[in-house]
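Good morning, and thank you for coming.

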Amino acid sequence: MKTIFKLLFAVSMVAISLNAGAQTWQYTGALSSQKRFVIFTTLDNGKVLASGGMANDIPHAECELYDPATASWSLTGPLSVARYLHSVVTLMDGRVAIFGGQCGGSLDGIPVQTDVIEIYDPSTGLWTPSGHLQVARQHQSASLLPDGRVLVAGGLSDVSPIAS
């Protein structure tokens, strides 16, 4: 029964904190600013990396770490390209790769995407540019393959869906 209960919570993406066997919500403090489209990634050290996002139609380069030991957030190294609607993958060595995303808009309302790939190193707290996607995109999917490569596919280029 416990396994089924945990599976239901995992599928519905409900976050709970287990305290002395009881399921309760626990306030953890707030990010440094209000934003949406942030991606949260659990690091090998147990901390959670919050990358990118948007507030007031402005992409964010700001990234933060949540430390469950202290139940607090702290700033970490910023992205070199502010973005949202990006994808993130934890690599086999524990670093985190971020791909594409929307980095702004233009006067005619067409979104501007980035092709920049960046790698976050939890040991230094810094992002390093690490190449470019073949096509700038947002809303794409990224998956870690068994051999350590990352497959990035789909999404939007400008406002058109792409199959690459």
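Which residue in E13 is the bridge partner of Ile98? The partner is Glu118. Before I place that pair, a word on the basis of what you see. This is a predicted model, in which local features need pLDDT of at least 70 and side-chain atom pairs count only at pLDDT 80 or more, while totals for chains, interfaces and linings use all residues. Residues are numbered from 1 along each chain as its sequence is written, and side-chain values use heavy atoms, with hydrogens and water left out.

The protein chain contains one helix and 18 strands. Helices (H or I, at least four residues) and strands (E, at least two) are DSSP runs, numbered from the N terminus.

E10 and strand E13 (residues 116-121) run antiparallel and are joined by four bridges. They belong to an open sheet of four strands, in the order E9-E10-E13-E14, with antiparallel pairing; two strands pair if DSSP finds at least two bridges between them. At the edges are strand E9 (87-90) and strand E14 (126-132), each pairing on one side only. On average, neighbouring strands of this sheet are turned by 25 degrees against each other, direction ignored. For such angles, axes are lines fitted to C-alpha atoms, for helices over the stretch in contact, and angles run from 0 to 180 degrees between N-to-C directions.

A further open sheet has four strands in the order E3-E4-E7-E8, and its pairing is antiparallel. Here the edge strands are E3 and strand E8 (72-76), and each pairs on one side only. Five bridges link E7 and E8 in the antiparallel sense. Tyr66 stands opposite Trp73 in E8.

I turn now to the interior. In the protein chain, 37% of the 164 residues count as buried, where buried means under 20% relative accessible area, exposed over 50%, and partly exposed in between (1.4 Å probe, protein chains only). A nonpolar core is a set of buried Ala, Val, Leu, Ile, Met, Phe, Trp, Tyr and Cys residues joined through side-chain atoms within 4.5 Å. The largest such core has ten residues, including Leu43, Cys63, Val96, Ile98 and Trp127. Strand E7 (63-67) and strand E10 (96-99) are the elements that give two or more residues to this core. Apart from it lies another core of nine residues, among them Val89, Leu133, Ala142 and Val152.

What of the cysteines? Cys63 is buried, at a relative accessible area of 0%, whereas Cys103 is partly exposed at 27%. Taking a disulfide as a pair of cysteine sulfur atoms within 2.5 Å, the count is zero disulfides.

Finally, the lysine. Lys35 sits in the loop between strand E2 (22-24) and strand E3 (39-42). Is Lys35 buried or exposed? Lys35 counts as buried, because its relative accessibility is 17%. Beyond its neighbours within four places in sequence, Lys35 is in contact (heavy atoms within 4.5 Å) with Gly52, Met54, Ala55, His60, Glu62 and Glu64. Its side chain makes a polar contact with the side chain of Glu62 at 2.6 Å and with that of Glu64 at 3.4 Å. A polar contact is a pair of N or O atoms within 3.5 Å; within protein, one must be able to donate a hydrogen and the other to accept it, and residues adjacent in sequence count only if both atoms are side-chain atoms.
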